[in-house]
Amino acid sequence: MARRGRKRSRSNGRVGRWLVRLVAVVTLVAIVFAVWLWWDMRSWRPDPSLYPEQGAVVPTQPHYTNLVTLKAVGAQFAYLRLAPDPRSPDEDFGDRYSRALEAGIPVGVLLPFDPCIPADPQSALFVQMVPRNDALMRPAIELSHTAATCASEVSDAAVESELLILINQVERHAGKPVILKLSREFEDEYGTARTTARDLWLERDRARPDYAGRPWLLWSANSQRVTEASEEPLEWVVVQK
């Protein structure tokens, strides 16, 4: 009986060592794949033959983006993101806007929506900073944060009401329908894609997004694309044909 016990113990020990080795190999493969994916995503963009119209989101200060270089690396349009705080005008916007026009690249403006404050000061920022210009691309409203981040409670109905007010006010100033840059989190919380009849701009690195339940116009396909146009990674965007 003692010998059988020792044999069983040695057998269990061998199985245990093989399991440890297998786990180590699987872990190593996973790490190598993750490093490869990270490195590949630095330069990846969707196939231009499938998505011939591609561009980027130009961030606010302190990140500088060379718009001439951005055009040279394949961007056919640029969306300029406004600073998110309507109580503090985006002093750098005018410079980014002028440089984009000088680079000869079509320009649109991306206004972040803050569900914690009324629509009026947010639309006032857009009106103050964005000139009336028929050559501008359609404006976009970025819906990324829900009211869960607000200091005081804001109901879903209030968020939806203020968003609709903001959409109408921005469209009145721009003279064009807005595009809704809709995050999965915001859509899961408010179902905006189902209740608001506006073109959508969805987000998902590398894989086509499907969380809105209906077709999209713009897709942020790589949130961290590295190019010579900026010291910081840029959000790379494509247009649905």
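**Stop 1: T65**

Start by selecting T65, in the loop between β1 and α2 (67-72). Helices and strands here are DSSP runs (helices: H or I, at least four residues; strands: E, at least two), numbered from the N terminus. The model is predicted: local features need pLDDT of at least 70, side-chain atom pairs count only at pLDDT 80 or more, and totals for chains, interfaces and linings use all residues. Residues are numbered from 1 along each chain as its sequence is written, and side-chain values use heavy atoms, with hydrogens and water left out.

Is T65 buried or exposed? T65 is buried, because its relative accessible area is 0%. Buried means under 20% relative accessible area, exposed means over 50%, and partly exposed lies in between (1.4 Å probe, protein chains only).

Now show what surrounds T65. Leaving out residues up to four places away in sequence, T65 touches V58, P59, L70, R99, A229, S230 and L234. Contact means heavy atoms within 4.5 Å.

**Stop 2: the whole protein**

Zoom out. Of the 241 residues, 42% are buried. Now take the contacts with a separation of 6 or more: 63% of them join residues 24 or more positions apart. The protein exposes about 13,400 Å², and carbon and sulfur atoms supply 56% of that area. The area comes from the Shrake-Rupley method with a 1.4 Å probe; for residues, only the protein chains shown count as cover.

**Stop 3: the barrel**

Colour the strands. In what order do the eight strands close into a barrel? The order is β1-β2-β3-β4-β5-β6-β7-β8, and the pairing is mixed. On average, neighbouring strands of this sheet are turned by 25° against each other, direction ignored. Strands of a sheet pair through backbone hydrogen bonds, either parallel or antiparallel.

Select β1 (residues 54-58). Five of its five residues are buried. On one side, β1 pairs with β2 (residues 78-81) in the parallel sense, over three bridges. Two strands count as paired if DSSP finds at least two bridges between them. Look for V57 opposite Y79 in β2.

β1 also pairs with β8, this time in the antiparallel sense over four bridges. Here Q54 stands opposite V238.

Move along to β8 (residues 234-239). β8 pairs with β7 in the antiparallel sense over five bridges. Find L218 standing opposite V239 in β8.

**Stop 4: the cores**

Select L70 and I141. These two have the most contacts inside the largest nonpolar core, which has 52 residues. A nonpolar core is a set of buried Ala, Val, Leu, Ile, Met, Phe, Trp, Tyr and Cys residues joined through side-chain atoms within 4.5 Å. Helix α5 (residues 156-174) gives the most to this core, with five residues.

Stay on I141. Beyond four places in sequence, its contacts include L110, F113, L163, L166, V170 and I179. A second, separate core has 10 residues, among them L110, A140, W201 and V237.

**Stop 5**

Go to Y211, in the loop between β6 (199-203) and β7 (218-225). Y211 is buried, because its relative accessible area is 11%. Which backbone atoms does its side chain reach? One is the backbone oxygen of L182, 2.5 Å from a polar atom of the Y211 side chain. Another is the backbone nitrogen of E203, at 3.0 Å. A polar contact is a pair of N or O atoms within 3.5 Å; within protein, one must be able to donate a hydrogen and the other to accept it, and residues adjacent in sequence count only if both atoms are side-chain atoms.

Y211 also touches S183. Select S183, in the loop between β5 (179-182) and α6 (184-190). At 7% relative accessibility, S183 counts as buried. Its side chain reaches the backbone oxygen of S144 at 3.4 Å.

**Stop 6: Y51**

Finish at Y51, in the loop between α1 (2-43) and β1. Y51 is buried, with a relative accessible area of 8%. Y51 and K241 are 190 residues apart in sequence, and 6.8 Å apart in space, C-alpha to C-alpha. Beyond four places in sequence, Y51 touches residues including R208, W216, W219 and V239.

Terms used. Axes are lines fitted to C-alpha atoms, for helices over the stretch in contact, and angles run from 0 to 180 degrees between N-to-C directions.
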